[in-house]
There are 2 protein chains.
Amino acid sequence: MPILVMKFGGTSVGSLDRIHRAAKRIGREVANGYDVIVIVSAMSGETNKLVGYVEETSPLFDAREYDAVVSSGENVTAGLMALTLQEMDVPARSWQGWQVPVRTTSAHASARIEEIPSDNILAKFSEGMRVAVVAGFQGISPEGRITTLGRGGSDTTAVAFAAAFEAERCDIYTDVDGVYTTDPRITAKARKLDRIAFEEMLELASLGAKVLQTRSVELAMRYNVKLRVLSSFEEPSDEAGTLVCAEEDIVESNVVAGVAYSREEAKLTLTHVEDRPGIAAAIFGPLADAGVNVDMIVQNISDAGTTDMTFSCPVNEVKRAEKALAAAREANEIGFAELIADTEVAKVSIVGIGMRSHAGVAAKMFKTLRDEGINIKVITTSEIKVSVLIDRKYMELAVQALHDAFELDKAA
Amino acid sequence: MPILVMKFGGTSVGSLDRIHRAAKRIGREVANGYDVIVIVSAMSGETNKLVGYVEETSPLFDAREYDAVVSSGENVTAGLMALTLQEMDVPARSWQGWQVPVRTTSAHASARIEEIPSDNILAKFSEGMRVAVVAGFQGISPEGRITTLGRGGSDTTAVAFAAAFEAERCDIYTDVDGVYTTDPRITAKARKLDRIAFEEMLELASLGAKVLQTRSVELAMRYNVKLRVLSSFEEPSDEAGTLVCAEEDIVESNVVAGVAYSREEAKLTLTHVEDRPGIAAAIFGPLADAGVNVDMIVQNISDAGTTDMTFSCPVNEVKRAEKALAAAREANEIGFAELIADTEVAKVSIVGIGMRSHAGVAAKMFKTLRDEGINIKVITTSEIKVSVLIDRKYMELAVQALHDAFELDKAA
């Protein structure tokens with residue numbers, strides 16, 4: 001039988017009633033003739049509660065213990081979903097990550113999936129089981145310890161299973177009915193996109209659109225997984241949701257597809273860094289080793305042999321970054337005068353494949369922000385996006401102004 | 001270094017603050033020179049919440065999924081405890097049941113521990129780790145699925161580890177400061193026992209004293225584990241708690257050591273059962289297969305080739321019992337006229353090794369109940385206990401009256 005992967009996010013399984021509704025959708029696909037692999041998140045609020053426990057217990061936590069704690073929410077949902085399906089006479093059972101096993105790297109709290117053997121689950125399908133419910137977000141390291149894939153990791157679990165089992169489609173059920181031009185909570189003019197290119201989705205996800213985890217889109221692109229994002233609170237239909245697909249499957253599109261943002265950013269500046277070959281590696285190597293997700297990097301012009309190095313990372317990684325840089329200085333690997341952290345910034349980006357063939361897009365963005373009196377602190381650009389770091393308090397204003405300026409409320 | 005096992009129950013780890021207090025106790029034992037194996041329960045309320053989810057989802061649940069769900073609470077505490085110890089600079093890490101691995105039978109929801117390999121944890125001790133935090137109550141079946149040991153199973157986990165690692169002592173930290181002559185919530189005259197024999201503790205535990213799981217005491221007796229029950233809310237001292245020990249270590253004792261009760265009992269009667277050899281096996285075999293914990297059994301005198309068979313079991317297993325018996329009747333394995341369930345009964349028992357050498361103890365019990373106007377529905381006796389089934393509404397009254405009659409408020 002053909003295999004379908006269905007993934008349900010935290011709000012879609014946020015109560016027993018919602019689990020029941022999700023199970024009915026699964027039952028319909030079983031009735032349609034699919035063997036279904038269901039990937040579940042923790043019930044909404046659970047993971048935040050567990051992360052809160054860990055952070056309160058140990059600010060610089062051992063990521064292996066963090067993973068052991070925060071992975072438990074998904075196990076609960078997986079068991080409850082299997083029981084719900086059994087009550088509906090759909091043969092089902094649950095799997096935890098280590099039982100499949102979902103083999104990952106040892107990079108705790110942000111591990112990558114390396115292998116998903118399919119024999120175990122396929123054998124059960126051949127025995128008549130119709131639904132394998134798998135706890136998302138988690139795996140097992142080569143050392144036999146539990147790993148997690150980072151926030152939103154259940155999306156990646158879903159796409160990885162779709163690839164490993166050559167599923168016909170991977171449906172991501174969430175609390176939004178698709179991918180929008182920007183966050184509808186910030187502007188009511190936000191519009192749902194019917195289709196979006198993998199590349200655009202990648203930029204939107206990594207920049208904070210929060211609909212799909214970046215790595216899940218990368219994986220989908222690499223293995224050409226048909227990926228659909230849709231709401232678990234709407235009636236099913238063929239037009240439901242947004243299809244994430246290859247660029248060539250999109251006929252018409254706006255120059256800018258969407259405006260993304262990331263609220264909890266921090267800007268760190270190292271002053272009077274010695275300007276020598278290898279200095280960037282000496283700074284960002286230790287940060288990478290400490291698990292700091294460095295995003296934007298700007299290096300100023302050298303002045304008397306020293307330079308200022310500015311980078312951004314999530315606010316909750318600032319402490320770790322400071323510790324890693326202090327250690328590197330103590331070990332005489334780098335030298336700098338001061339480490340200045342600005343934890344009150346946010347990132348706003350415009351994204352669109354159309355930018356490649358249209359000039360003046362960045363200029364229009366900067367002019368729009370200037371007209372609103374918003375100061376730009378850092379700029380980075382790529383082929384299909386322009387990102388700026390601004391004071392956090394202007395974030396909503398910036399998103400609204402850019403959405404208007406690029407007329408994203410109108411379809412192409 | 002000598003090994004100590006310390007077990008903390010749900011209320012002893014019911015908040016981050018309490019986990020911190022427990023960690024300080026562990027730290028003291030590490031400072032005393034012990035390598036410590038800590039067994040933790042779920043934070044208080046968590047397991048009940050999860051059991052509630054399962055029962056609401058599926059009244060006749062698949063016990064394998066039940067285990068996958070309800071075992072998750074212990075994993076959270078284990079990780080948090082390891083993190084708390086690390087914050088106090090005590091080298092520690094967590095283990096989930098399948099990681100040790102705690103090998104159990106496949107009897108889901110009430111599995112028995114079969115083997116605990118010690119090499120994994122001992123290797124870490126030899127590398128300098130001082131505390132192994134193990135999630136209690138759980139293990140792994142030969143099929144690779146998660147099992148749980150039944151309510152209070154973390155006590156059994158603790159004693160099994162103490163036996164497997166030849167620990168110097170097994171300290172069970174709980175929310176009571178020892179074993180009492182009866183439940184202090186029922187009578188203020190209840191008195192703490194300094195020592196109690198394994199055999200007495202077994203009867204008290206299995207009859208609902210709720211301080212230690214029965215199997216943990218059985219195991220401690222078999223492997224001669226020094227078992228101490230004490231409160232995690234009192235200052236440590238040598239006199240703290242109750243030592244559960246061999247009979248010969250107790251010099252003076254009352255005839256009756258304690259009065260136990262079990263509130264949520266049900267009495268089931270099969271009427272007009274065919275009275276033939278093998279009928280008991282035909283009835284209680286299917287009940288055992290269905291996981292019904294049958295306790296008291298009474299068979300009436302045969303009347304015209306048929307008899308009435310009465311037994312008791314926990315109230316929440318009545319549905320399962322009814323289903324199993326109906327199936328056995330349908331399969332023509334047994335015949336009966338009616339199945340009458342009385343779900344409003346409780347069990348009250350007096351327990352004491354001294355009964356062996358004292359006559360008239362049972363008679364005194366029956367007289368005491370008669371004087372209070374309490375009707376006895378079923379009686380069973382053993383060498384060191386007498387149990388009766390009575391209307392649930394008289395349970396507290398019966399316990400108080402028996403505690404007075406046997407003068408349990410006074411030490412021997």
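Predicted model: local features only at pLDDT ≥ 70, side-chain atom pairs only at ≥ 80, totals over all residues.
User: How are residues and chains labelled, and which pLDDT do local features need?

Analyst: Residues count from 1 along each chain as written, and chains are lettered from A in the order written. Side-chain values use heavy atoms, without hydrogens and water, side-chain atom pairs count only at pLDDT 80 or more, totals for chains, interfaces and linings use all residues, and local features need pLDDT of at least 70.

User: How many residues of chain B are in contact with chain A?

Analyst: Contact means heavy atoms within 4.5 Å. On the chain A side there are 35 such residues, and on the chain B side the number is 35.

User: What is the area buried between chain B and chain A?

Analyst: Buried area is the accessible area (1.4 Å probe) that two parts lose on being put together, summed over both. Carbon and sulfur atoms give 61% of this area. The total is about 3,000 Å².

User: Which side chain of chain A meets B:K49 in a salt bridge?

Analyst: A salt bridge puts a side-chain nitrogen of Lys or Arg within 4 Å of a carboxyl oxygen of Asp or Glu. The rule finds two across this interface. In one of them, at 3.5 Å from N to O, the partner of B:K49 is A:E46.
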